[in-house]
Every structure is written in C-alpha cells, then in structure tokens.
Amino acid sequence: MIILYSCRKGDEGVAIGSLSSYNSYATYGKVTSMYANAYSKSNSSLFGSTKEQDSPFASLYASSTSYDTKLQRYGSDVKTASSVLKRALGELTAKQGSSSSARQIAKSSDEKSLAVANNGTTYGKFTETRVKIDQVASGQVNKGDALKANANAGLSGRMQFAIDVDGKTHQFTFNASSADTNQAIQQKMADAINTRGIGITASVSRDGASASLTLEAKETGAVSASRFAVRDVAGAAVGKTGADLVAQKAQDAIYHINGGTAKMSRTNAVDLGGGVTATLVAASDQEITVSKVQDDSGKLTAAKNMIDSFNSLLSSADSMSSTSRGAIKLTRELQGISKSYASSLNQLGIGVTKDGALAVVDSDKRAKAAESGDLDRLMNGGGAADYGFANRLSKVANNISRFPAQYVNAVPIELMNMNAKVATDNISMLFSLLI
C-alpha cells in the first residue's frame, strides 16, 4: 500500500488517499476521486488558491469525472468479455470424450430426402441404418387452373359449392360481383374453406400474371380423411377456377430399411430404432445412410461465442487505446494473435480483418472443419512448436483476471504531463508512482 500526500511549503502534509497495487479495473477512478474530494473540501489550504478555477488541479478535476466513467466502463467490459472468451475457449479446446463434447447424434447422408430429428439424446444404442424411399405419404392435393389474375372472372350473384370429405358434405356460399377478377373469386373460395376448418387448407398463389387456387388435405396417407371431392351446387365457381382438378392423390409412404421388404405408413415419420426417428421428405433413387456421428453443434456455438467475445474485447481495448497504456497493450496482443493465425483461420472459414477482428466468412467451411477435427487442431495446437490459437488467447484472458492493472492503466496518456503544469513539488512524484 502506498500512501499519497500533497503539501505546500509551510503547510502540514495532508493525506489524500492511498493506492494499493492490487486494485483492479478502477484504480484510476479511485485516485481521481481522492483528487476530487481533496480539491472540493480543501482547495484553499491544500492547493494554495483562493478560487477553485485558479487551482493547478482545475483541469485535472474537470476531466477526471468523464474519464473515470469511461475507464470504469472499459474495465467492466474487458472483465465481462474476457470471462465469456474463457468459457468459449474452454468449450473449443475440450477433448473428445469430455462432457462438453461427448454427445453423439444421428445424421442423414441426404437431408433433402430423409431428415433426422435430434432431440438432445445421446444415441448410444443406435447402429448405422440404410433407408430407401419409394414414395412419401401425402394427402390429396387439388390445383386449379392458372388464370389471368386481373382478368374479369365473368361471374356474379350467389355462388355455392360443396366439398365431400371423410363421409361428410360441407357446403360453402359467397357472393360474386360482376367486377370481380379471377384472383378475387379464387380468394373468396379460399377464405370460405379456411374459415370452416374441415381438414382442408386452401391458398391462392401467383406466378407472374397468373393466379391459381390450391386445396390440400391436412391428413396424409390413403385414408378417407385425406381424400375429398369438390363440386358446384349453384353458379360456376368450381368450374371457373378448376378447384376440382386432382394434382396429387392421397397415398401411403413406402420405404425399405436395410434392404428389407417394403414398409408402408400413413405418415412420413419413421422409427429407425435406438431412439432415432426420421422424416421421409422425398423419394430417393439410392439408399440413404443414417449414421451416428459426433455432435459438432456445441463446437460451432463455442466458435461463434469465441469470435463475438474476442471482437468485443478488441473493440473495448481499441476504444481506449488513444488514452490508456493498458488498452494499447491489450489491443496489440489481441491483434498480434489473430493476424499471426490469419491464414490458418481462413482455411476454417474464419476471416481476420485489417484491424485484427474475426468474422465468419464461410459457414460451410467452418462446419466441415469442426466435423473433420481441423478446428480442434488449430485451437489446441500441436505442442511447443505450435502453441495453438485458443491457448494463446486463453493466456491473455487469464492474465486479464490475474493482472488487470496491466490492461487497465490508471492514468490517461493525455494527463501524463500534467505535472509540468502544476506548480507543486510533489505532483510529478505522485504521477511517477501511478504510472
């Protein structure tokens, strides 16, 4: 602990504060607060001036409040960002088999045809499975004629049509105006159907200048609930729009597991055993392989958190680098690490800007790097000759926690030479103790 005194010839020494070598993140703020208290309470006797504005400490006192706020905010930001960075780096450098990286998931070799749902389970009993899809389950789909959307429909008066589905008949009525366009008639029919909730959804789609009406059963499979018929009762709305035209018949899914006999299902949900379920998306010409692989989502999330926290730390340091020696040191260390690994990071889909910040430039490349283990190898390094990107960053993050004064300097650069302006013998000594 260093006790700081300020005095003038003929006056008793007045203690204005103390500085502990272990104060972290707010050293400068504490010291300048001491200046402020001494200045406001004892400016005449302590500093030898009858007016506050005439005191040699006036400019220091005026700037201390705003700088204290900046420094304390900077210290808080650095502490938070370094903590987040340490956690993300810990996830990135976790060894295979540890709790943070041991989760395994099922993965499809063709997600466009067979999608695998992963619900957080570690599929320890699942074994590789091959799936061949002949057809997917579907409900009936009617797609009407493509009509000129803005052309007059030529219908007017009371329109009535019916839909027969699942053994029931549902009738719908709407009024057509002589000014209605084709799309207006299609939309009135769609609104009437959707309002009733009969297990069929209707929609109007545009393709350039044309519009068409589509009706689709919510149920899938070759069952009565997924089959329907549309007909006119009064007027010619169905005939005009083509709403009765069947584009897809209701059908069951047909698929094969590991080359076995055909299996049928009303739905596209398939149980592959071992707790793994999949969804049939489209017919496939070839077998699709579902295998158990290491889950890399945690690594990808950790990589993103590492990038974000690194950039936050660099941004905070850079914002204070014009006024704080500690911020300059931190900025240079972070930029030195990122730029020295720029080439290797780029191969993993992570770019380095001219200012040393990190950015994801190729998500696919980054995902492949996580899957292949290249991300782990860069993060962990290969020993003494290659210390590893993450290890070098971890050292900086740990130093921030252990030796914060190195990175949060107590005295702003612009005030380093204040002693030349202050007519007291011991102010230069005071600054030399702080610097």
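User: Which residues of the largest nonpolar core touch the most other members?

Analyst: In this predicted model, the largest nonpolar core has 39 residues, and Tyr74, Met306, Leu330, Met379, Phe389 and Leu393 touch the most other members.

User: What is leucine 330 in contact with, leaving aside its neighbours within four places in sequence?

Analyst: Contact requires heavy atoms within 4.5 Å. Leucine 330 is in contact with Tyr74, Val78, Leu313, Ala317, Val396, Ile400 and Tyr407.

User: Which residues does the second, separate core include?

Analyst: This core of 25 residues includes Ile163, Phe172, Ile200 and Val238.

User: How do you know that strand E8 and E12 pair?

Analyst: Pairing requires at least two bridges between two strands. Strand E8 (residues 157-165) and E12 have 6 bridges, so they count as paired, in the antiparallel sense. Within this pairing, valine 165 stands opposite phenylalanine 228 in E12.

User: Why do strand E9 and strand E12 stand at the edges?

Analyst: The open sheet has the order E9-E8-E12. Strand E9 (168-176) and strand E12 (228-234) each have a single partner strand, so one side of each lacks a neighbour in the sheet. Neighbouring strands are turned by 25° against each other on average, direction ignored.

User: What packs on the sheet?

Analyst: Helix H3 (residues 182-196) does, touching E8 and E9, and its direction makes about 140° with that of E9.

Note on methods
Residues are numbered from 1 along each chain as its sequence is written. This is a predicted model: local features need pLDDT of at least 70, side-chain atom pairs count only at pLDDT 80 or more; totals for chains, interfaces and linings use all residues. Side-chain values use heavy atoms; hydrogens and water are left out. Helices (H or I, at least four residues) and strands (E, at least two) are DSSP runs, numbered from the N terminus. Axes are lines fitted to C-alpha atoms, for helices over the stretch in contact, and angles run from 0 to 180 degrees between N-to-C directions. A nonpolar core is a set of buried Ala, Val, Leu, Ile, Met, Phe, Trp, Tyr and Cys residues joined through side-chain atoms within 4.5 Å. Buried means under 20% relative accessible area, exposed over 50%, partly exposed in between (1.4 Å probe, protein chains only).
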